[in-house]
Amino acid sequence: MNGTEFLRQLEEECLERMAGWRQRDAQRLTPDQAPQAWEKYERLRRSCWTEAWSVPVLGSWLETIPDTNLRMGVARQVADEAKHFLRIRSLLQTEGEYQEDYAPYAEWRNVYRYIEELGDFLDRLSGHNFASELVAIENQKHYRHRLGGAWKDLFEEFHPDEEFHVRLGRTAIQLFANDAASQQRVRRTVFKVLDLHERSRQAFNRLAAEHAAAEPATRL
Ligand SMILES: [Fe+2]
Ligand SMILES: [Fe+2]
C-alpha cells in the first residue's frame, strides 16, 4: 500500500488505542472537575520539561532531514517549542510553582529517552511528531478545560502549533513510508512510543491513587 493509505490505517489504530486509555482514566477523573494541586502542577511542570527537552533534540535532527519542506517545518517547530517552554515557565513562575531542577517520574522520561535514541529521520518524525505529539494533542483536548483560566487559554493558543507538529509527522510518513520494510519500521516505532506512553499513564494513575490515599481531596 502507499504511504497515504498506510498513514490512514495507522492513525485510525492509534486513535482507537488512545480511546481505550481514556476509558480507564475516566475511572478516576471526572471530565469537568478541576484537578487537585499536585496533579495540576505535576502535569504543567512535565509539559514545561518536555518543551525544553524538545528544543536541542529536534534541533539536532535538522541536518538529517532530506526533504526541504520538512526540514524547514521542523526548524519552525524548534522555535514553537522554545516559545511554549518560555510561556509555560513564565505562568508557573507567576503562580510560584516553577521548579528549576524538576525532573518527571521515570516512566515519562523513558518515552523521551527512547525517542532520543532513534537514529533515522523517519523513525524520529514517526515516533515524536506523529505518535508522541498525537498523544499530547489528545491529552490536551480532554484536559485543558479542566485547568480553566489562563492555562486553558495558553494551551488553546498552542493547539494550532501542535497540530502543525503532528502534520509534519504525517507528511514524513506519507512521503517516505512507501514500501513494506519502511512501513514495518514506522509501525514498530509508533507502537513502541504508544506502549511507553501507556506505561507512563499507568504510573501517573498510581501516583494519583497514592495521593488519594494519603490526603483528603483538596481541589483548586
Ligand atoms: Fe509544544
Ligand atoms: Fe509540539
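This is a predicted model: local features need pLDDT of at least 70, side-chain atom pairs count only at pLDDT 80 or more; totals for chains, interfaces and linings use all residues.

Visitor: How far apart in space are A131 and T4, C-alpha to C-alpha?

Guide: Along the chain, A131 and T4 are 127 residues apart. In space, their C-alpha atoms are separated by 16 Å.

Visitor: V190 was one of the residues touching A131. Which residues is V190 in contact with, leaving aside neighbours within four places in sequence?

Guide: V190 is found in helix α7. With 23 other C-beta atoms within 10 Å, V190 is buried. Its contacts beyond four places in sequence are L10, C14, S126, G127, F130 and A131.

Visitor: And V190 with L207: what is their separation in space, C-alpha to C-alpha?

Guide: These two residues are 17 residues apart in sequence. From C-alpha to C-alpha, V190 and L207 are 26 Å apart.

Visitor: Which residues of α7 are buried?

Guide: Helix α7 covers residues 180-214, which is 35 residues. From its first C-alpha to its last, α7 reaches 51 Å, close to the 51 Å expected at 1.5 Å a residue. The buried residues in α7 are Q183, V186, T189, V190, V193, L194, L196, H197 and S200.

Visitor: Are α4 and α7 roughly parallel or roughly antiparallel to each other?

Guide: The axes of α4 (residues 106-117) and α7 come within 8 Å and cross at roughly 165°. An angle over 145 degrees falls in the antiparallel class. The two helices, α4 and α7, are therefore roughly antiparallel.

Visitor: Which residues make that contact between α4 and α7, and how do they divide by class?

Guide: The crossing of α4 and α7 is left-handed. On the α4 side the contact is made by E107, W108, N110, V111, Y114 and I115, and on the α7 side by K192, V193, L196, H197, R199, S200 and A203. By class, the contact of α4 with α7 has seven nonpolar, three polar and three charged residues.

Visitor: Over to α3: which helices do the buried residues of α3 pack against?

Guide: Helix α3 runs over residues 68-94, and its 27 residues reach 39 Å from first C-alpha to last, close to the 39 Å expected at 1.5 Å a residue. In α3, L70, G73, V74, Q77, D80, E81, H84 and I88 are buried. These buried residues pack against α2 (37-61) and α6.

Visitor: How do α2 and α3 cross, left-handed or right-handed?

Guide: The axes of α2 and α3 come within 8 Å and cross at roughly 155°. The pair is therefore roughly antiparallel. As for the hand of the crossing, α2 passes α3 left-handed.

Visitor: How many nonpolar, polar and charged residues are in the contact of α2 with α3?

Guide: Among the α2 residues in the contact are L44, C48, A52, V55 and L58, and α3 contributes residues including V74, V78, F85 and I88. The residues of this contact divide into twelve nonpolar, five polar and four charged.

Visitor: One more pair, please: at what angle do α5 and α6 cross?

Guide: The axes of α5 (residues 121-147) and α6 come within 8 Å, with a crossing angle of roughly 155°. That makes α5 roughly antiparallel to α6. The crossing is left-handed, and its angle is roughly 155°.

Visitor: Which residues does K152 touch, not counting those up to four places away in sequence?

Guide: K152 lies in helix α6 (residues 149-176). With 15 C-beta neighbours inside 10 Å, K152 counts as partly exposed. Beyond four places in sequence, K152 touches R144, H145 and L147.

Definitions and conventions:
Residues are numbered from 1 along each chain as its sequence is written. Chains are lettered from A and ligands numbered from 1 in the order in which they are written. Helices (H or I, at least four residues) and strands (E, at least two) are DSSP runs, numbered from the N terminus. A residue is buried if 20 or more other C-beta atoms lie within 10 Å of its own, exposed if 12 or fewer, and partly exposed in between; C-beta atoms are placed from the backbone. Two residues are in contact if their C-beta atoms, placed from the backbone, lie within 7 Å. Axes are lines fitted to C-alpha atoms, for helices over the stretch in contact, and angles run from 0 to 180 degrees between N-to-C directions. Angles under 35 degrees count as roughly parallel, over 145 as roughly antiparallel, 65 to 115 as roughly perpendicular and the rest as oblique. A crossing is left-handed if the near helix is turned anticlockwise from the far one by less than a right angle, and right-handed if clockwise. The expected span of a helix is 1.5 Å times one less than its number of residues. Ala, Val, Leu, Ile, Met, Phe, Trp, Tyr, Cys and Pro count as nonpolar, Asp, Glu, Lys and Arg as charged, and the others, Gly among them, as polar.
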